[in-house]
Amino acid sequence: MKNLSLILLSFLFTSFSSYGSEKPLTIERLFESPELEGAKMMGLKFSPNGQRLSFLKPKKSNYEVLDLWEFDLKTGKESLLVDSATLKFSPPTEIEKARLERMRITRQGIVEYFWSEKGDLIAFPAGGDLYLYSFSKPLKRLTNNAGAELDIRFSPQDNYLTYTREQNLYLMNLKDQKEIPLTTTGKDSLSFGSAEFIAQEEMHRRDGYWWSADEKWIAFTEVNEDKVKLVDRFEINADGVTVRKQRYPEAGSANAQVRLGLIKVEDALKGQINPLWIPFGKEQDIYLARAQWTEEGQLIYQIQSRDQKTLDIMAFNPMNQQVTKLRREIHPHWVNLHDNWYWLKKNQNWIWASEKSGFNHLYLLDRKGQVVRQLTQGLWPVIELVGVDEKNDWVYFSAGIKSPLERHLYRVSMSNPKEPEPITEGSDWNSVVMDKEANYFIRIFSNPRSPHQISLHRASGELVSNLLENSVNEKHPFYPYQKNYVEPEFGFFKGPSKENIYYSLYKPKGFDPQKKYPLIVYGYGGPGTHLVGQHWPSRNGLFANVLTTKGFVVATFDNRGSNDRGRKFEDALYRAFGTVEVEDQKAGVEYLIQQGFIDPTRVGFYGWSYGGYLSLMLAAKAPETFKANVAVAPVTDFALYDTHYTERFMGIPSENKKAYKRANVLEFVPQIKGKLLVIHGMADDNVLFTNSTILFKTLQENGILYESVTYPGSKHGISGKLNQTHVHKTIADFFERHLLNDKNESLKK
């Protein structure tokens with residue numbers, strides 16, 4: 001293996017580590033208020049008219065509770081719109097809890113909100129009810145029901161609010177607040193207007209209904225889960241056990257049956273609801289991936305085949321009920337779903353992202369789906385289509401053109417695309433929120449030396465104002481700890497496939513290259529995730545900082561299968577779970593050992609979810625390298641995991657038995673030799689707790705000693721300050737006990 005020098009970027013900047021006090025950072029402090037990252041503006045949204053900027057902000061006394069705020073773009077002042085403490089909150093319903101879990105929302109208070117098109121109203125759910133905020137009238141509570149109002153939307157002309165409740169879809173006339181049920185038969189395994197489990201969890205489709213621009217039609221889903229496997233999920237709490245009957249589509253089993261229908265609003269207002277159902281064709285075992293309306297009133301929807309190798313973009317005209325296929329995407333492994341498509345208003349063209357070149361790029365297509373011109377190209381992928389300025393001919397997108405360690409905003413001309421013009425520069429990690437007309441954007445950026453900062457810019461990149469400077473000064477919550485803060489170093493090496501494997505590395509203060517340090521690797525390893533980047537480390541990186549104070553070096557490797565590197569790099573995991581990621585993680589450790597400062601007898605790994613699975617595979621397939629492993633919420637047998645995720649990469653279990661067997665942790669349990677800790681939430685509805693109980697039994701049958709910590713009532717994220725503190729203290733304690741041995745007593749201090 002050819003050794004390559006570290007890409008050390010920290011010398012380009014003046015570190016702030018010479019400032020502040022020498023207060024030691026502790027695990028307890030990571031999860032206390034205020035957050036060490038400093039002030040936050042979450043859920044940033046421009047009003048549709050572009051005149052206001054709203055956001056959610058954690059309370060200073062408790063960062064887990066959010067309030068609704070506004071930033072005045074003219075005066076530069078922020079003001080509180082709704083204090084969540086003034087609202088009535090009741091325990092969430094099971095449907096509400098499941099939806100929040102799918103959205104990875106762990107905070108409380110006001111956690112989501114929706115603008116009216118005119119920009120004078122905001123609707124939001126709280127405590128299971130629906131509230132309406134007006135800039136000219138007092139806050140109004142619109143509903144008071146036992147069921148929770150979810151999936152809230154204003155109609156395009158602000159005449160109505162629509163939402164789901166107890167598996168049915170409702171419309172409320174905003175003039176008189178009269179509620180009209182659009183469906184009435186939703187119950188048990190039948191629901192309307194909501195995205196099914198698979199769509200929310202794996203397809204990133206949160207919506208189950210869509211308004212036409214002229215308010216004449218509402219497209220909606222009917223979801224029938226009658227054939228989906230009904231499993232008993234034991235929700236084990238501290239004071240008892242609740243048996244939940246959950247429809248969970250395990251790999252190879254039946255999915256929910258989804259239909260797409262249209263309701264004519266004019267008829268619904270008269271109480272005449274006769275849905276118009278769109279024919280999907282002979283093959284019914286498919287996925288409804290996306291849907292949206294064009295300005296001229298055609299419903300565009302995407303149908304993905306069960307094997308996920310084909311994606312059809314279809315158009316339905318409700319006036320003549322004609323169905324037209326606009327485009328088909330095909331890939332020999334799988335077609336990645338995305339939201340990078342945009343229908344132009346001034347002509348019949350549309351923008352679409354395709355990976356047909358091996359990298360995700362933007363194309364201008366005509367109404368028949370034929371390529372007019374390619375807008376972006378190169379050996380790098382477009383990450384996100386951010387905005388379109390039709391008037392000035394610009395398309396804005398985010399990408400890491402210079403390096404996968406960075407993320408920047410770029411633009412290209414639609415009519416004469418050339419080399420992308422960078423709008424943001426430097427060595428930062430940027431995410432962007434653009435207004436509807438693409439005149440302005442909010443830049444949310446950070447780097448390893450600076451927590452997130454937020455600024456308002458014109459589309460050209462010109463700074464308008466700093467919204468959140470968040471500088472680490474004496475008033476900043478991180479200030480007392482910054483002198484002992486360790487910035488990550490970044491580098492890459494040639495992996496087993498001769499491709500670059502990027503990594504980050506945290507070293508203890510006063511690092512001595514002549515010493516041998518114990519190494520902890522934190523990783524995920526599965527598809528769809530990319531951990532290593534030039535961004536603020538957040539809690540994972542700050543936890544790594546705590547570990548360095550105990551004498552550990554901490555590393556993370558983005559192995560083959562990680563995203564944002566092109567299809568060849570990503571496709572390496574196709575029907576190969578438990579193989580190439582194991583090879584690359586092992587190679588990463590070997591590379592660091594070759595640098596001379598890692599003790600090869602004291603290497604550990606920890607990861608969550610797929611990272612937990614990877615930790616178990618490393619314990620079994622590379623015990624000579626990894627001596628101590630922590631697996632949090634791990635999948636142990638992918639035949640137990642859901643259809644859309646698992647079959648995308650592994651195929652149908654009955655047709656690919658060898659691949660599933662090769663990926664099954666339980667097959668390799670007898671090979672585990674090192675120290676092992678398994679952690680799992682006992683009410684996990686994503687990676688079911690069954691994955692760990694089966695593992696426990698298999699470990700016991702093979703006489704293998706292990707440690708386990710389980711969390712009553714906790715789901716996949718094991719959320720909450722106390723739980724998170726306990727999880728991370730448990731992980732740190734495990735590695736201290738098993739990797740800091742008597743020969744290195746000095747490192748324990």
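Helices are DSSP runs of H or I with at least four residues, numbered from the N terminus. The structure described here is a predicted model.

Helix 2 makes the greatest contribution to the lining of the second largest pocket, supplying six residues. The space in this pocket amounts to about 900 Å³. Its lining comprises 31 residues, of which Glu-94, Ile-95, Ala-98, Gln-167 and Glu-225 are the closest to the pocket centre. Two or more lining residues each come from helix 2 (94-102), strand 10 (150-154), strand 11 (160-165), helix 3 (197-201), strand 17 (230-237) and strand 18 (240-247). Sorted by class, the lining consists of 17 charged, seven polar and seven nonpolar residues.

The largest nonpolar core contains 81 residues, and the members that touch the most others are Leu-519, Phe-557, Phe-577, Leu-592 and Phe-638. Helix 8 (residues 610-621) accounts for the largest share of this core, with eight residues. A further core of 38 residues lies apart from it and includes Ile-27, Tyr-63, Val-472 and Val-546. In soluble globular proteins, nonpolar side chains tend to be buried together. When residues up to four places away in sequence are not counted, Phe-557 touches Phe-493, Ile-501, Tyr-502, Tyr-503, Val-521, Tyr-522, Gln-585, Gly-588, Val-589 and Leu-592.

Val-546, one of the members of the 38-residue core, belongs to the buried part of helix 5, together with Gly-541, Leu-542, Phe-543, Ala-544, Asn-545, Leu-547 and Thr-548. Helix 5 spans residues 538-549, 12 residues in total, and its first and last C-alpha atoms are 17 Å apart, close to the 16 Å expected at 1.5 Å a residue. The buried residues of helix 5 are covered by elements including helix 1 (27-30), strand 38 (500-506), strand 39 (517-522), strand 40 (553-557), strand 41 (598-608) and helix 12 (721-739). After helix 5 comes Gly-551, which has a positive phi near 105 degrees.

Pro-404 occupies the loop between strand 30 (394-399) and strand 31 (408-413). Pro-404 counts as buried because its relative accessibility is 16%, and the cut-off for buried residues is under 20%. With neighbours within four places in sequence left aside, the contacts of Pro-404 are Trp-429, Tyr-502, His-530, Val-532 and Arg-565. Tyr-502 is also among the residues touched by Phe-557. Along the chain, Pro-404 and Gly-533 are 129 residues apart, while 7.2 Å separates their C-alpha atoms.

Technical notes: Residues numbered from 1 in each chain as written. Predicted model: local features only at pLDDT ≥ 70, side-chain atom pairs only at ≥ 80, totals over all residues. Heavy atoms only, no water. 1 Å grid on protein atoms, 1.4 Å probe; cavity = no way out; pocket = protein on both sides within 12 Å on 5 of 7 lines; lining within 4 Å. Points joined across faces, edges and corners; volume = space filled by probe spheres on them. Nonpolar A, V, L, I, M, F, W, Y, C, P; charged D, E, K, R; others polar. Expected span 1.5 Å × (residues − 1). Buried < 20%, exposed > 50% of the residue type's maximum accessible area, 1.4 Å probe, protein only. Contact = heavy atoms within 4.5 Å. Core = buried A, V, L, I, M, F, W, Y, C linked by side-chain atoms within 4.5 Å.
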